[in-house]
Amino acid sequence: MTAVWLEVGMLQVKQSHGTEAPASSSQNRELSVNVVSSGQAELVLKQGGRVIQKAVAKGESAELMVRQLEQTVAGWTAGSSAISSAMIETRPGVSYGDLVRVMDGLRRNQVVNLGVVPASREAAAGSVR
Amino acid sequence: MNIKAQNLGDRSFSRHLVARQFQKSRRKRLMIAGLMLTSMVDMFSLLVIFLLQTFSASPELAVVAKGVVLPQASTSREMKDAPVLAISAAGIYLDQKFVGLTEDLLEQPEPLMNKLSELRELWLKTHPSQSFPGEITLQADQAVSSAVVSRFMGMLPSQSFGSIQLAVIGAGGRS
């Protein structure tokens, strides 16, 4: 018999429903992360609905990409107000493990209100087959 | 208990009782003498240490569904008690019960929606004076496509499960 200790924890995600919109003010900075592949993510920082920063995090692996993403977010938050929330979108080729890596990287930089953009039915069904 | 005359032999009943009492006390003495108190205390100490180390006030959520390898995260928090939705490449399980094949539920999610609705109704019946917290724990295999997971995450708020806990392996990982 093999015994393995698993320290199971959790990452909290808030999913909005229907027309429910998050309360935002002109001071709130919101981040959109589009994970294109396990080695590339596009970042867009918005304030009051207006795009104020854009960047692309790239790496040969998901770990390297997340490291660059963290550096970018840390640069955007240094000396200014924190980023209140982030919405993450992923392409079908990206694994759930990579999505959690991105979320973990954002949480390490005090971006704790995270949401995930639901994939379309076609995209989800296509990635199972 | 019946004591038959032939069992007593020539002895009187009072002598028989004295003899039995003597035998009993002798047996007891021997038993006490036979106990290794030091070893027993050692054993109980080890047991107490083991129980203290393994004790967790958090609910028993570490039951990871079959075929699910959880991703790792360094910023995880302690889990709260909530229904567990497990997603693997093969199937979907709600509180350890098979709901359907992943592919089928992506096309026709009604069986999952009905189960979630039942869970919510049951919670509301058992907690009539409280508002529904809408918490659910999601255990998904790290190799599953994020599109599949996000699709199911998008379905959950329609049944008032808007606060999703993603189960991960904490910073401690495996030892």
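## Nonpolar cores

A nonpolar core is here a set of buried Ala, Val, Leu, Ile, Met, Phe, Trp, Tyr and Cys residues joined through side-chain atoms within 4.5 Å, where buried means under 20% relative accessible area, exposed over 50%, and partly exposed in between (1.4 Å probe, protein chains only). The model is predicted, so that local features need pLDDT of at least 70 and side-chain atom pairs count only at pLDDT 80 or more, while totals for chains, interfaces and linings use all residues. Residues are numbered from 1 along each chain as its sequence is written, chains are lettered from A and ligands numbered from 1 in the order in which they are written, and side-chain values use heavy atoms, with hydrogens and water left out.

The largest nonpolar core has 53 residues, and those with the most contacts inside it are Leu31(A), Leu69(A), Leu106(A) and Leu138(B). Its largest share, six residues, is supplied by helix H2 (residues 96-108) of chain A; helices (H or I, at least four residues) and strands (E, at least two) are DSSP runs, numbered from the N terminus. Apart from this core lies another, of seven residues, including Leu70(B), Ala86(B) and Ile169(B).

Leu138(B) touches, beyond residues up to four places away in sequence, Tyr96(A) as well as several residues of chain B, among them Leu85(B), Ile87(B), Val149(B) and Met153(B), contact meaning heavy atoms within 4.5 Å.

## The sheet of chain A

In chain A, five strands form an open sheet of mixed pairing in the order E4-E3-E2-E5-E6, two strands being paired if DSSP finds at least two bridges between them. Strand E4 (50-58) and E6 of chain A stand at the edges with a single partner strand each, so one side of each is left without a neighbour in the sheet. Neighbouring strands are turned by 20° against each other on average, direction ignored.

Strands E2 (residues 29-37) and E3 (residues 40-47) of chain A pair in the antiparallel sense over eight bridges, and Val33(A) stands opposite Leu43(A) in E3(A). H2(A) lies across E2, strand E5 (83-90) and E6 of chain A, running at about 170° to E5(A); axes are lines fitted to C-alpha atoms, for helices over the stretch in contact, and angles run from 0 to 180 degrees between N-to-C directions.

## Positive phi in two loops

Most residues other than glycine have a negative phi. Gln110(A), in the loop between H2 and strand E6 (113-116) of chain A, has a positive phi near 65° and is exposed, with a relative accessible area of 57%.

Ser160(B), found in the loop between helix H6 (146-155) and strand E5 (163-169) of chain B, has a positive phi of about 70°, and Ser160(B) is partly exposed at a relative accessible area of 35%.
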